[in-house]
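Student: I have a structure open on my screen. Can you show me how to read it, one feature at a time?
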Amino acid sequence: MQILVLPGDGIGPEITAATRQVLEAASKRFALGLDFIEDVAGHESLRQYGTTVRPDLVDKARHADGIILGPTATADFKDPAHGEINPSMFFRKRFDLFANVRPARTYPGLPARLGAFDLVVVRENTEGFYADRNMEVGSGEMLVTADVAVSLRRITRACCNRIARVAFELAARRRQHVTIVHKANVLKLGDGLFLEECHAVAQASPGITVDDIIVDAMMAHVVRAPQRFDVIVTTNMFGDILSDLTAELSGSLGLGGSLNAGTQHAMAQAAHGSAPDIAGTDSANPFSLILSGAQLLAWLGRRRQVKKLEIAAGAIDRAVEAAIAAGEVTRDLGGKLGTRETGAMLAARIAS
Ligand code: NAD
């Protein structure tokens, strides 16, 4: 089983190396037969090939069983005509990775200021307010005059329906509760359509409790009592913002795992960015991408009905839990370990 690893920018190479080490240990222990191929995307690719994503990388990614993409310096990539393509957007769009699944939970051993919680944000990933992915040709943003900008937000019934189905299917495997987060009071058409489609899927999902909350109020609710949520489904930008908040509430943005899944392909990516402020200091928390790697294994296991992939994913989750309980963590979680030590420690826990 082939996994394409693209280390990305900033802390990307550090956390992908740790993630690869942990997945290699899991592969050995559970006889998964994972074969890692590494390539470049982001600044390193721009430097070597004049583009952040080479066209032939698409074929490599298509033939791989899964992709691990380290965070990339998206804000630096401004001009696609000069090879500055947002790699994250590129793969999500090219492989129609419409479901961005971002779990957030508290861990014994970390202060849970808001009490224990365990939730998942399911974010639509292919349209919404993202100017670089909601048009077939051209951009969703326009400069009408030097002083007037217009940003288009695309919402389609089909995309609302398929993301709602992912959320309800996930809730059926969890605590049977879906919260729809929207702004239909103002975005009456776009979010109205989203809300309508989510409720239609709810109708076809007996046994799942459903509620809906306006996104601004949601910020208060999630900070007040995160334990009231199980699966939260929302549109692209709201999900992006909300999931950084829930990751930080769980202890650190460095715990923010994230899987981008379509029907044929899936890509593990941390929820956070390339963290240039700590890049190269061996202090980044690799748990985010390691947990994303575990999500990828679980996704592959469910899709292909290979139980040992799901068992390996569970073992990685439990090793992270045990490491946190033992205080074997990076600085952001109050520990002393470096990124490299964290990867080695977790690989050793999985091997034993
Ligand atoms: P960021 O998410 O990179 O960092 C925000 C804060 O969280 C920083 O203080 C950083 O040090 C900290 N942090 C992030 N990950 C951490 C980890 N694993 N361990 C410990 N601390 C961690 O946000 P930013 O600085 O605004 O963005 C940096 C770059 O990343 C920008 O170019 C942005 O566009 C890009 N970005 C990329 C992605 C992606 O690749 N999916 C996502 C978000 C932002």
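This is a predicted model: local features need pLDDT of at least 70, side-chain atom pairs count only at pLDDT 80 or more; totals for chains, interfaces and linings use all residues.

Student: Which residues line the largest cavity?

Tutor: Among them are Glu 124, Glu 127, Ile 155, Cys 159, Cys 160 and Phe 194. Helix 5 (residues 157-173) gives the largest share of the lining, three residues. By class, the lining has five nonpolar, two polar and two charged residues.

Student: Now the open space. How much space lies in the largest pocket?

Tutor: A pocket, unlike a cavity, is an open set of points. The largest pocket holds about 1200 Å³. Its lining counts 37 residues. Nearest its centre lie Val 101, Leu 170, Arg 173, Gln 295 and Arg 302.

Student: Which helix gives the most to that lining?

Tutor: Helix 9 does, with seven residues. Other elements supply at least two residues each, including strand 4 (99-105), strand 5 (118-124) and helix 10. The pocket lining divides into 18 nonpolar, seven polar and twelve charged residues.

Student: Which residues of helix 11 are buried?

Tutor: They are Thr 339, Thr 342, Gly 343, Met 345, Leu 346, Ala 347 and Ile 350. Their cover includes helix 1 (12-30), helix 9 (287-304) and helix 10 (307-325).

Student: Last, a single residue. Is His 82 buried or exposed?

Tutor: Compare its relative accessible area with the cut-off: exposed means over 50%. His 82 is at 57%, so it counts as exposed. You will find His 82 in the loop between strand 3 (66-69) and helix 4 (87-94).

Student: What is His 82 in contact with, leaving aside its neighbours within four places in sequence?

Tutor: Leu 46 and Gly 50. Gly 50 is 32 residues away along the chain, yet the two C-alpha atoms are separated by 7.6 Å. Look at side chains too: a polar contact of 2.4 Å joins those of His 82 and Asp 79.

Technical notes:
Residues are numbered from 1 along each chain as its sequence is written. Side-chain values use heavy atoms; hydrogens and water are left out. On a 1 Å grid over the protein atoms alone, a cavity is a set of points where a 1.4 Å probe fits but cannot get out, and a pocket is an open set with protein on both sides within 12 Å along at least five of seven lines; lining residues have an atom within 4 Å of a point. Helices (H or I, at least four residues) and strands (E, at least two) are DSSP runs, numbered from the N terminus. Ala, Val, Leu, Ile, Met, Phe, Trp, Tyr, Cys and Pro count as nonpolar, Asp, Glu, Lys and Arg as charged, and the others, Gly among them, as polar. Buried means under 20% relative accessible area, exposed over 50%, partly exposed in between (1.4 Å probe, protein chains only). Contact means heavy atoms within 4.5 Å. A polar contact is a pair of N or O atoms within 3.5 Å; within protein, one must be able to donate a hydrogen and the other to accept it, and residues adjacent in sequence count only if both atoms are side-chain atoms. Grid points are joined across faces, edges and corners, and a volume is the space filled by probe spheres set on the points.
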